[in-house]
Amino acid sequence: YLRVSPSVRAVLGYAPEEMEGRSARDFTHPADLEATRGEVRAAKRGQATHSFRSRYIHKDGHVVPMDWTSVWSEDDRRLFLVGRDMTESDRRETELRQAQKMEAVGQLTGGVAHDFNNILMVIQANVEALEEEPALPRDLRGKVDGIGRAAGRAAELTRQLLAFSRKQTLSPRLTDLNALVAETSRLLARTLGARIEIGLELAADAWPVEIDRGQLDAALVNLALNARDAMPSGGKLTVATRNVTLSEAEARSLSDGSDLQAGRYVVLAVTDTGIGMAPEIRDKVFEPFFTTKEFGRGTGLGLSMVYGFIRQSRGHVAIRSAPGEGTTFSLYLPRSLADAQQAAPDASARADEKGGPERILVVEDDAQVRAGIVTLLQSLGYVALEAADAEQGLAVLAAAGENGGPPVDLVLTDVIMPGTMTGRGLAEETARRFPEVRLVFMTGYSELGQQAPLAPEAR
């Protein structure tokens, strides 16, 4: 090196005079030496070298990825190079790829879970119909009950997949996070066992959040059970809450390529004193079916469910972990705009399921799902008509209304259907032609609820 820019101090930790007069091989990563020599030889032959990569060794010993642009001056017989520290750029690129991978996996699992749910709905509807059959022999009733339990477990699996893919249906309510944590911690004390000490560090001024309480409770239990497995000889589990206000820069830095917004959040942190995780494990913990547990001890869906639920709730999950240093999962939950805690509604006894003589039109393209819904409605006493798509549904309405009066009392329609008209289009056309008919949407895709509102006459 003949001359070195003063900026090298910020990038590699050396003063310029510490590098001038020495060879590049003294600073280049040994594995990149031969490739770097090839680039220099190409530059000397007059070939444009727009960008080549090589790693340098920082003065403190860590590796710095560098991107170089080089120009050979024949007149000076010298090579001029401009190098850029790519550490931050590489980190952001890795985070973006991870976010894109998680999004793609989420789309796949959500689609599979939705279609599988349709199949399960048919199975469960037929099981319920058989269970209500008074003449069913006792030995067959036991077998039907076994089918029902298996279908229930399968439904739980699809619920976890839908949670990861952020397509589950949530019921957010204004929630005092401290109260929820205190209540759940009593359950955790019995679940985790005597070898795990539980500590609470709850901010007295924790803001309220709007969250699905049941899902958040399940997420907290899930994180606690993972912490227990990371502390086989015992240890301490600390659950803490605190308020934070994220700037745009902080949100971008934290969000690993996701769409976390700047603003006010309540952080729910779960920390254990366990074995910790290596980086290659830490980077995969939210992927569905990834697990470090032995075969048969877990599905690998627990943390992916937590991830999907928090992201669907407009929040974020951050991990801090290293081998031998324990693990902290931090859940960032958006602060609610409401000022006061609202009491949860009291659970009421389930009313008798009894229908009336009303007529209901079921519009659903999946024949088996449609048949299951029609059978259920008929068992409740309703008159059920059916159609396979929106166009057929309008035809059924027109035929049913030929005698005057409303054609049906209610249209129960899917949203996504084949053909030129969706369930939304059916609703607006029904409202225009039959304004007295009521309508209910049914869908397995929760994000459809975020679309623009219906026209006023179709609401």
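Me: Which residues form one aromatic cluster?

Reply: This is a predicted model, where local features need pLDDT of at least 70, side-chain atom pairs count only at pLDDT 80 or more, and totals for chains, interfaces and linings use all residues. Residues are numbered from 1 along each chain as its sequence is written, and side-chain values use heavy atoms, with hydrogens and water left out. Rings of Phe, Tyr and Trp (its six-membered ring) pair if their centres lie within 6.5 Å; planes under 30 degrees apart count as stacked, over 60 as edge-to-face and the rest as tilted. The cluster is made of Y1, Y14 and F27.

Me: How many aromatic pairs are there by this rule, and what is the distance centre to centre for Y14 and F27?

Reply: The count is four aromatic pairs. Y14 and F27 form one that is edge-to-face, with 80 degrees between the planes. Both residues are buried (under 20% relative accessible area, against over 50% for exposed and partly exposed in between; 1.4 Å probe, protein chains only). The distance between the Y14 and F27 ring centres is 5.1 Å.

Me: How many residues apart in sequence are the parts that Y265 and Y332 tie together?

Reply: Their ring centres are 6.4 Å apart and their planes at 75 degrees, so the pair is edge-to-face. Y265 is buried, and so is Y332. Helices (H or I, at least four residues) and strands (E, at least two) are DSSP runs, numbered from the N terminus. Y265 lies in strand β8 and Y332 in strand β10, so the parts tied together are apart by 67 residues.

Me: How many residues does the second, separate core have?

Reply: L331, from the largest core, touches L216, V266, V306 and I310, among others, not counting residues up to four places away in sequence. The second core is separate and includes A387, L397, V411 and V437. Its size is 12 residues.

Me: Which elements do the buried residues of α13 pack against?

Reply: Helix α13 spans residues 423-433, and its buried residues are G423, L426, A427, E429, T430 and A431. Contact means heavy atoms within 4.5 Å. The partners are β11, α12, β13 and β14.

Me: Which residue in β12 stands opposite V362?

Reply: Four of the five residues of β11 are buried. V362 stands opposite E386.

Me: Which residue in β13 stands opposite V363?

Reply: β11 and β13 also pair in the parallel sense, over four bridges. Opposite V363 stands T413.

Me: What is the relative accessible area of R314?

Reply: R314 lies in the loop between α10 and β9. Its phi is near 65 degrees, a positive value in a residue other than glycine. R314 is exposed, and its relative accessible area is 61%.

Notes:
A nonpolar core is a set of buried Ala, Val, Leu, Ile, Met, Phe, Trp, Tyr and Cys residues joined through side-chain atoms within 4.5 Å. Two strands pair if DSSP finds at least two bridges between them.
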